[in-house]
Amino acid sequence: MKNQKTIFAFLILAFIFFSCTKHETVKPTPVPPKPLDEIYKGDGSYAWAAVPQGDTIKSFSTSWIVPSTPPRDSTIFWWNGLDGGALQPVLQWENGNWTIANWYFNDHHYHHGKFVPVKSGTHLTGVIELVSFTADSFTYKESFVGYPDADVTFTRSTLATSLVECQEAYTNTFLAFPSDPVVRMTGINCVTIGKTQLPTLNWITGQPLAKTPTGHLAFLIASNSSSNGEVDFYIK
């Protein structure tokens with residue numbers, strides 16, 4: 001009986017000791033953040049705006065800055081244009097170089113003027129002008145301000161009636177884009193015949209808005225002004 005009391009007392013003391021002993025808290029294993037989505041969904045982002053019926057576009061211009069050098073090769077374009085891309089002053093990244101060229105669609109084919117090299121950080125302004133016209137003939141000039149070697153003038157049988165701002169990318173990964181978070185198409189200016197100014201531009205997105213790996217909408221209409229508008233293409 002005495003031995004049982006001794007054993008019982010020992011168990012009580014052991015219980016008190018272990019109950020009062022501070023045990024180290026086991027820390028949960030941190031969960032690593034999910035990797036950013038690297039896939040670029042779709043071949044581009046764009047918006048278009050039609051001028052009111054009866055108005056004729058005299059000139060359309062947009063300014064933007066050549067982004068930093070992409071970390072890998074791909075084919076990416078940024079441009080402003082008329083008629084869904086039929087007239088396009090284009091900045092192009094391809095084969096490890098930035099170039100500008102004026103593209104146009106005529107006689108069922110795409111054509112372009114001279115390719116002119118440019119560097120990252122260069123300020124560009126692409127301009128499209130209606131030079132002259134008759135009832136069934138329309139002559140346009142495409143240019144980049146300060147780069148006359150790239151100018152293109154041509155005549156076609158249709159009148160341009162809508163504006164476009166576009167990022168056109170032939171890659172399936174955001175890792176092929178420049179490190180810049182955004183390419184801003186600024187100073188958007190549309191003048192109609194008689195040098196009148198539209199109140200605003202009613203931009204319509206051409207596709208469901210995708211998101212960048214950081215969750216930002218890839219396309220943003222920052223200003224619908226017809227004299228100093230802005231459309232932004234987010235790539236990070």
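1. Among contacts in the protein between residues at least 6 apart in sequence, 63% join residues at least 24 apart, where contact means heavy atoms within 4.5 Å. This is a predicted model, in which local features need pLDDT of at least 70 and side-chain atom pairs count only at pLDDT 80 or more, while totals for chains, interfaces and linings use all residues. Residues are numbered from 1 along each chain as its sequence is written, and side-chain values use heavy atoms, with hydrogens and water left out.

2. The secondary structure comes to one helix and 16 strands, taken as DSSP runs (helices H or I, at least four residues; strands E, at least two) and numbered from the N terminus. Of the 236 residues, 42% count as buried, that is, under 20% relative accessible area with a 1.4 Å probe and protein chains only.

3. The largest nonpolar core has 45 residues, of which Phe60, Trp78, Leu82, Leu91, Tyr140 and Trp203 touch the most other members; such a core is a set of buried Ala, Val, Leu, Ile, Met, Phe, Trp, Tyr and Cys residues joined through side-chain atoms within 4.5 Å. Strand S12 (residues 182-192) gives the most to this core, with four residues. Another core, of five residues, lies apart from it and includes Phe77, Trp79, Val90 and Val164.

4. Leaving aside neighbours within four places in sequence, Leu91 is in contact with residues including Trp64, Phe77, Trp78, Thr99 and Phe144.

5. Thr99, in strand S5 (residues 97-106), counts as buried because its relative accessibility is 15%. Beyond residues up to four places away in sequence, Thr99 touches Val90, Leu91, Gln92, Phe115, Val116, Pro117 and Val118.

Methods: Buried < 20%, exposed > 50% of the residue type's maximum accessible area, 1.4 Å probe, protein only.
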